[in-house]
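Have the picture open and follow along.

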Amino acid sequence: MQLATRAATAAALVLGLTATVAVPAFARPPGPSGTAAVSRAADPAGTTPRGLDRKALREAIEGLPNPDATAALVRVGGGEGTWRGSSGVHDLVTHRKADPHGRFRAGSVTKIVTAAVALQLAAEGDLDLDAPLQRYMPELFKGAKSGSGKDFDPIPVRSLLNYTSGLKSGDGFDDEFAHRYDTLDPRTVVASAIAKGPEHAPGDEQHYRNIGYTVLGLLIERITGDSYARQAAQRIFRPLDMDDTCFPGADPRIRGPHNRGYQAMERADGTTRLVDVTVWNQFDRFAAGDMISSTADLETFTRALFDGEVVPRPQLKEMFTLPRLAPGVPEAVFGAGLQHMEVGGRDVWLKTGARHGYVNMIAATENGSRTLVYSVNATDAKGEGMNPVAERIARAALG
């Protein structure tokens, strides 16, 4: 099963190495076995999902920390039963056990919350998915042309949700690590993207990018007259009692219990060290990737979403509908945020997310019979391909 996707694949990030604190790599915590502890909830007979390989799940997260990850938190659920697991360490200094309830940077899993809020507004009649973005936010496009002089065609709001808008990526910091404490306003990112002009006509091609969801966050603010973060909290987090979930804004810290995140960095002599990257200002990711959450909260959200408790059923279909693209281009794999994939003979809808130090996934069958949420403290979260620990978890839970 190949789980690496266009959503999870990105160019390896070149990080600055000045003014950093290196930590010991992969030393084992004390214990009779010399390996990281694995903890899991009681799993009595009759409650395990049919066909779920418990042994494979345990093996998928054992032996942490290792060169690929320092910790892993896993929750398998749905109508067929449950399984809970955690492994690894809270940090590479004290080596105490990983907190199974720890919070983490959810990365692009944020997009599903953004999509849900937008679809709620559509259900309430305040947002027309067929209407052009230019109707709601005309000021974004005043005088906006690419270097070749191309004008933007009307961009349907729906195309922002399913990554077919034709907007190019906005500019960010050249050296993200060196600027990890600095604040970059998402409006600046959007302005730089629009200044580049369109890449293609809306609806012709599907390209996974943050920019459409950054724009959606601003659009939600325009329609509601409120901040995106407050709307997400009022509409989703509070009704579902997602107390671990928030948008930190320009605060670079993860508030509350959490396991540390690390990034492998190459020294001048070619050797590698791990640098603690837990503290990082993610404000520019905004409605595309700034959320902090926990596996318990994301499991609650996933279950409620697929059960039709978050978005009304007519609008929820948008998440499970793949757009038709122009002839001759690769077929679409994303609906409104969620990605479709066949895994082990199952139709699975999922969303991955990665911020430095953390890779995550929410996934479920459309009927909710099986759900998966994991967070892995990956040592190269933004690297090429899928993290090996995360891939083992997905294979064991879904394959």
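Q: Which residues of helix H7 (residues 228–237) are called buried, and what makes a residue buried?
A: Buried means under 20% relative accessible area, exposed means over 50%, and partly exposed lies in between, using a 1.4 Å probe and protein chains only. In H7, the residues that count as buried are Tyr 228, Gln 231, Ala 232, Ala 233, Ile 236 and Phe 237. A helix here is a DSSP run of H or I with at least four residues, a strand is a run of E with at least two, and both are numbered from the N terminus. This is a predicted model, in which local features need pLDDT of at least 70, side-chain atom pairs count only at pLDDT 80 or more, and totals for chains, interfaces and linings use all residues. Residues are numbered from 1 along each chain as its sequence is written, and side-chain values use heavy atoms, with hydrogens and water left out.

Q: What do the buried residues of H7 pack against?
A: Their partners are helix H2 (110–123), helix H6 (211–224), helix H8 (286–289) and helix H9 (295–306). Contact means heavy atoms within 4.5 Å.

Q: Why is strand S11 (residues 358–365) described as largely enclosed?
A: Eight of its eight residues are buried, so the rest of the structure largely encloses S11. Tyr 358, Asn 360, Ile 362 and Ala 364 point one way, while Val 359, Met 361, Ala 363 and Thr 365 point the other way, and all are buried.

Q: How do you know that S11 pairs with strand S10 (residues 346–355)?
A: Two strands pair if DSSP finds at least two bridges between them. S10 and S11 run antiparallel and are joined by eight bridges, so they meet that definition. Val 348 of this pairing stands opposite Thr 365 in S11. The hairpin of S10 and S11 has two residues between the strands, and Gly 357 there takes a positive phi near 100 degrees.

Q: Which sense does the pairing of S11 and strand S12 (residues 371–378) take, and over how many bridges?
A: The sense is antiparallel, over six bridges. Ala 363 stands opposite Leu 372 in S12. This hairpin has five residues between the strands, and in it Gly 368 takes a positive phi near 75 degrees.

Q: Is Trp 349 buried or exposed?
A: Trp 349 has 5% relative accessibility, so it counts as buried. Its place is in strand S10.

Q: What angle do the axes of helix H1 (residues 54–61) and helix H11 (residues 388–398) make, and what is that called?
A: The axes come within 9 Å and cross at roughly 170 degrees, which makes H1 roughly antiparallel to H11. Axes are lines fitted to C-alpha atoms, for helices over the stretch in contact, and angles run from 0 to 180 degrees between N-to-C directions. Angles under 35 degrees count as roughly parallel, over 145 as roughly antiparallel, 65 to 115 as roughly perpendicular, and the rest as oblique.

Q: What makes a set of residues a nonpolar core, and how many residues has the largest one?
A: Such a core is a set of buried Ala, Val, Leu, Ile, Met, Phe, Trp, Tyr and Cys residues joined through side-chain atoms within 4.5 Å. The largest has 70 residues, and those with the most contacts inside it include Ile 236, Phe 237 and Phe 301. H2 gives the largest share of this core, nine residues. A second, separate core of 31 residues includes Leu 372 and Met 386.
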